[in-house]
Amino acid sequence: MNSGVELKDQGLEIKDPFAAALAAEDIRGRSLWVDAWHRLLKNRAAVVSGFIMALMVMMVIFGPMLLPWEGDFTDWDNTSTPPSAQTGHWFGTDAVGRDIMVRTLEGGRISLLVGLVATLVSLVIGVSYGAVAGYYGGMTDRVMMRIVDIIYALPFMFFVILLMVVFGRHIVLIFVAIGAVNWLDMARIVRGQTLSLKNTEFVEAARACGVDHQSIIRRHIIPNLLGVVMVYVTLTIPQVILVESFLSFLGLGVQEPMSSWGALVNDGAQDMESSPWTLIFPAMFLTITLYCFNYIGDGMRDALDPKDRT
Amino acid sequence: MIQEGILRHAATRLLGLIPTLLLLITIAFFMIRVAPGGPFDSEKVLPPEIRANLDAKYHLDEPLLQQYFRYLGQIMSGDFGPSFQYKDWTVNELIARGFPVSATVGGLAMLLAFVLGTLIGITAALKQNTATDYSVMGVAMLGISIPNFVIAPLLILGTAVYAGWLPAGGWDWSWQRMVLPVITLALPVIAYIARLTRGSMIEVLHSNYIRTARAKGLPERMVIRRHAFKPAILPVISYMGPATAALITGSVVIERIYSIPGLGSYFVQGALNRDYTLVMGVVIFYGIVIIVLNFIVDLIYAWLNPRIRYDEAS
Amino acid sequence: MTRSSAIRALLACCLTGLASCGDGERDFGGPRENRLQPVELVLMENGRPDPAVLADEQTVLRGNGEEPETLDPHLAQGVPSSHILRDLFEGLTTESPEGKVIPGVALRWNISRDARTYTFYLRRDLVWSNGEPLVADDFVYSLQRALDPGTASSAATTLLPIQNAREVLAGEMAIEELGIALLDEFTMQITLTGPTPYFLGLLASPVAYPVNRKNVEEFGDQFSKPGKLVSNGAYTLSEWNPRVGIELVKNPNYREADSALVERVIYLPIEDQSTEVNRFRSGDLDWTFEVPNNQFKWLQQHYARELVISPWMGSYFFGFNLTQEPFIDNPSLRMALILSVDRQILTEKVTQFGEKPSFALVPPGIDGYVPFSPEYADWTQEERNHEARRLFEQAGYSEDRPLRIEIRYNTSDNHKKIALAIASMWKQVLGINSTLVNEEFRVFLQNREQKVVTQVFRAGWISDYNDPYSFLELFRTGHGLNDYGYGNSTFDALLDEAGKERVRARRERLMFEAERVLMSDHVVIPIYTYVTKRLVNPHLRGWQNNVMDHHPTRFMFKLKSRAPGSPEPQAEFAPDTPPATEAQPRATGDPEEPTPEQAAEPVLADEEESQ
C-alpha cells in the first residue's frame, strides 16, 4: 500500500475530530442501540436540551398561527417600538413596524429548516461518496479522496458566494449551497468507517454469496454507519445554522420578507443600542437552539461510544 | 527509518500539490467567470468606446480559453497581475500586505484558543459530570452559540465606546488594536478545542495504560502531564490544520467590524466585485496555505503519535 | 511590509484611553456629558479664525467609506477617491466651501459667443509639489492622457463634451485632434461639441486634474504611490496603506498654502457604518462618511451636536421596465402604482433622516432650475389612493384578477426597507401581492440592463455636476443607463434642443418641458431626494453644507476645547437647527479672488445676444 493511503487508514485524514474517535469504533449488535439509548437518557443536559428543542419546534410551527400579526404586516403607527403589551407587539417592532415576535418564530422555521435540510443534503452526498470510496478502495478511493482534498483547498466562502451569485437567492439554493460544501467531512468519516467495515466477516460473507457491490453498500455498509452519522448530523445542524447566519451577514441570506434567525440577528446587531429588542429576542432563540443541538450531539456521541462510560 | 519515511512522504505530498493547485485554479477561474456581471459594471454611464478600451487593457476581449492560458503563464512566474478593483495595486502587493495582518491576528487567536481550549477541556474532563464540568463547558460553548457578528460589536461597545480602554477598530500593529479581534476570532475555536480535548481526555483517562500508571502510584499530575496529555490532544491537532488555515487567511466578519486590513475581505470583495485577478490570487494563496498546513499537521501528528509510520505498510 | 511610523504614531496617539491628540484631551468617547466642547469661534478682521482659538494640532481624521479604487485622478470614479483627490489636486476651476465653481489654476477665462470655445488664462508662478512650474501644457497633456484609449479611463465620460473626445476614445482619431489647444505657456483653449453650461463645473472634477508628465512617464502605473506622486493641490500624499488609511500632509508649494490651516488629513476607509460610528464615538474620527440608516432617533438624542444632515444632488426612485408585461403600454397601471406609494410615511417613518418626498425626477437645489411638479403632488394621500384604485381597475385588475409583481433591488439595508414598505403599501391600497427579489449588485445591474426579468426595480441617480441634464439624459432612447426601455421622440428632441441652446433660461425651459414629458409617461416612481448624513466633530469648522457634498480639507480648521466645567454658550446651537447649517464665515481671505474685470464671464451668453 502506498504511504499516503496508509496514512489515511490511520484516521489521519479525518478532519472532523469527533469522527476520529468514532472511526475506530467497532460494529456492535442490536444491544448497542438499547444501551446507547439508556445512556443518553441518563445524560441530563441532553435530555433537557431535547425537551427544549421539541418545545422550540412546536413554537415555531404553531406560534405564528396563534399570533395576531402577519410576518410581513407593517404597522406604520408603531415603527421601532420597544416590547409592549399595549401595542400588542410583545417583542417590539422593527424599523418598518413588523412584529418581532412573529418574525422570530417564522425565522425559526427557516433556520431550523436550513439546518435540517442542508445537513441532509450533505449527508446524502457525503455518505454515498464516502461509502463508495471506502468500499472500493484502491485507485477509486485515491482519486475520490484527492477530489475531496481539492475542494477542501477551495475557500468555502468563495464557493458559497459564487453559488449564491450565479444561481440566485432561492431558499432551496441555500440548502444546496451549504450542503454542497459541508459534505466533505461526512465523506471522510464515512470512508474511514467503511474501510474498517468492509473487512468484517459479515461483509465478506455477503461477498462470498455473490451479492453485488451496490447491494452490499446499501444493505450492509450504510446501515452500520448509522451511529456515526446520527452524531454527525446533530453536531452539523448547529454549524449549518451558523453558516446561514454568516450568509445573512454578507447579505446573501434568505429573501425578504422571509427571514431567518441569522438574518434577524444581523439586522438587530446593526441597531443594538438604538433598538436592542430587535437583537435580543432572535439572538436568544438562536443561542438556545445552538446550545441544545450541541448538548444533544455531545450526549449522543457519549452514549454511542462506550469508552466514555464512567 | 522515521526520518526517511517522513522525507519520502513530504516529497509525495509536495508533488501532489501541483495537480491539486492546477485543478483548483481551473475550477476557480471558470467559476468566477460564470458569475453574471463583469468587473467594470457600475451605475455610471460607460459608453461602448470606453468599455472596449477597458476590455482591451485587461485582455477581457480575448476568448476565455486564451485568457485562461495567459493567466496560467502569468502565475508560473509568480505574478498574480494587477487588481481590477484596486487599480494602483498588484494582487501580489495586496496579499503581501494583507497576509501578515491576518496571520498575526489568526495565529494569536489560535494560540489563545489552544491554550484556553485545552485547559478548559482538561479541567472539564477531570471533573467530568460535576458542576465545574458543566459550567466551564457551558461558558466555552457560548463561543459557538452566538454569532461573532454579535459578539464583536458588543465587545466594541463595552470596552471601547463606553469604557474607553481599547480602540474601537482600525489597524496599526499595536497590541491594543489586536486584543478584540484576537478574542473574537478565538472564541468559537476555544469552544471546539475544549470539546475535543474533553472528549479525548475522558477516553484516555479510562484507557488501560493510564490505569496502570495510576496503579503504579504515580501522582495524578504526573499521570496527566506525562501520559495522558499527548494522546488526548491528537484529535485537537488534526482539527487545527484546517482551522489554522481558516484563521490565518482572515475572517471577513472580523475584518469588517474591526476595520482590519486582512485577507478575508478579499475573498468576499473580490468575488462580489468580480475582481478576477484578486479573487484568483487569494484563492490560490489559500489553497497553498491549507495544503502546507495539513502537511505540517501530519508531521506534528507523527511526532506525537509514534505508532504512525510513514515508511511501511502495516 | 512598509508601514508608516507616522500613521502609527498618530493613530496610536489617538487611541482611546491613551494620551490623545491635540491639547491632550479626549474629544469623544464615553457618555455624552463627558465630551469636551469647542471654544467659541473668534474671527479676525480679515475673516480668518483667530489663531488663539485654534487647536495646537491641526490634524483631521476623515472616515471615507470603502478603500479608494485608485489615486490616479484620471481613473478615479468613486466617491471615496474623489474626496482624497480634491485635496491632492486642483483643476483649472475648483470649488468653494459652498460648492460653487471658482477659479482654480486658471485665474480667469473667456467663453466665446457660441458658448463652444473656452480660453483659460492660468495663474503664473504656480508650481507642482516638487517645485517644478505648472504650465498650460500640463493641462493639455493631462486632458489628452485622460481621453487616451490606452489609459482606458471610465471616468473619461465626464470629458465627452470636448470636441472629438468620443472619436479619440474610440481610437478613430489621433489624440492631437481633440478640441484642446495650447496658445502660450499660460493660455489654453478648449473647444466643445456644443454649449455645455456645466462645463466649468466638470473641470473641477478629478478626471480634469493635471498630472505631472515626468512623474507619470517615470513611474508608469505606479506613479500614484506615496513618495512618487507629484500633485498641485493643497496636500501631498505621504502614506497609503491599503484598507488602513491614507495620510496627506500640507503642500508648502500650494498657491494658498498659508490659508490652509489643517496640516495633516488622514482618510480612513471604514466599510461598516456601525463600526464607523463606533470609531467616531471613541475618538478615532472627526468626520464620518455616513451614518447607519436606522439610527436617526438614537443619534439625534445622543449626538445632536455632531449629527449633520443636508440636501444632496440626488434622486431616489424606482423604475418600471416598459418593455415587458405588465407595464408595456399600460400607463394607468404605472400611474396607479406611483400614486399609491405614501412618500410621507417613507421619509418620516422609514428613512427618517429628513429626505424630501419627491414627485419628479430632478432634485431641487440646482441653480436656477425649478423642477417640474405634477398635479398629484398637492393631493392628500387619500385622494391619491382613491385615484390609484380607479386607475388600477381601469387597467383591468381587481380582486378576481389580482396583480403579481416583482420588486427588484440590490443588497442594501435601505433598499430593502423601502422595497418592503412599498410592497406593503401596494398590498394595503391595491391588494397587490408583490415578491421582493434581492440581488447581488452586479447581477442586479446586468438584469436591469437586459430588461428581461425586471418589472419594478430600484434606481436612482446622484449627479456629479450641478445640472438637470445629468438626470434627464438617462432617459434618452438607447442611453446606456436607460434600463427602463423608455423611448419618446418628443423627449429626445427636447433634450437635443437643450443641448444646442445657449441661452440659460431657454435651455432650462426646454429641460423643464422634457421632465414634464417624462413624468407624464410614468416611467419612474419618484420616492425622495437624497440627503447626506454624517457625524462631525464640533471642533472641526470652516466647511459648509452643499448639495454636491464636496468638502475640501483646505478650508477646514480645528478649534480648541473649552476647559471642562466652563459655561456653555447658550445661543450657539438652537435646539431645532442642526449645528452645521448655521452660516459659517469663509475661512479663507482669498487674495486672488477674481476682481470684477477679471472675473469669469457668465457661463452662458445673455438672453439679448441670441435671437
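Good morning. Of the 310 residues of chain A, 55% count as buried, a residue being buried if 20 or more other C-beta atoms, placed from the backbone, lie within 10 Å of its own. The model is predicted: local features need pLDDT of at least 70 and side-chain atom pairs count only at pLDDT 80 or more, while totals for chains, interfaces and linings use all residues. Residues are numbered from 1 along each chain as its sequence is written, and chains are lettered from A and ligands numbered from 1 in the order in which they are written.

I begin with chain A. Chain A has 13 helices and zero strands; helices here are DSSP runs of H or I with at least four residues, strands are runs of E with at least two, and both are numbered from the N terminus. Among contacts between residues at least 6 apart in the sequence of chain A, 70% join residues at least 24 apart, where contact requires C-beta atoms, placed from the backbone, within 7 Å.

Let me turn to one helix pair. In chain A, helix 5 (residues 100–136) and helix 11 (residues 226–249) pack with their axes 8 Å apart, at an angle of about 130 degrees. Axes are lines fitted to C-alpha atoms over the stretch in contact, and angles run from 0 to 180 degrees between N-to-C directions. Ala, Val, Leu, Ile, Met, Phe, Trp, Tyr, Cys and Pro count as nonpolar, Asp, Glu, Lys and Arg as charged, and the others, Gly among them, as polar.

Next, the interfaces. Between chains A and C, the contact takes 16 residues from chain A and 20 residues from chain C. Helix 12 of chain C gives the most to the side of chain C that touches chain A, with five residues. That side of chain C comprises nine nonpolar, six polar and five charged residues.

Finally, 50 residues of chain C are in contact with 45 residues of chain B. On the side of chain B that touches chain C, the elements giving two or more residues are helix 2 (48–57), helix 4 (91–126), helix 6 (148–162) and helix 11 (252–257) of chain B. Its residues divide into 25 nonpolar, nine polar and eleven charged. Thank you.

Key:
Two residues are in contact if their C-beta atoms, placed from the backbone, lie within 7 Å. A residue is buried if 20 or more other C-beta atoms lie within 10 Å of its own, exposed if 12 or fewer, and partly exposed in between; C-beta atoms are placed from the backbone.
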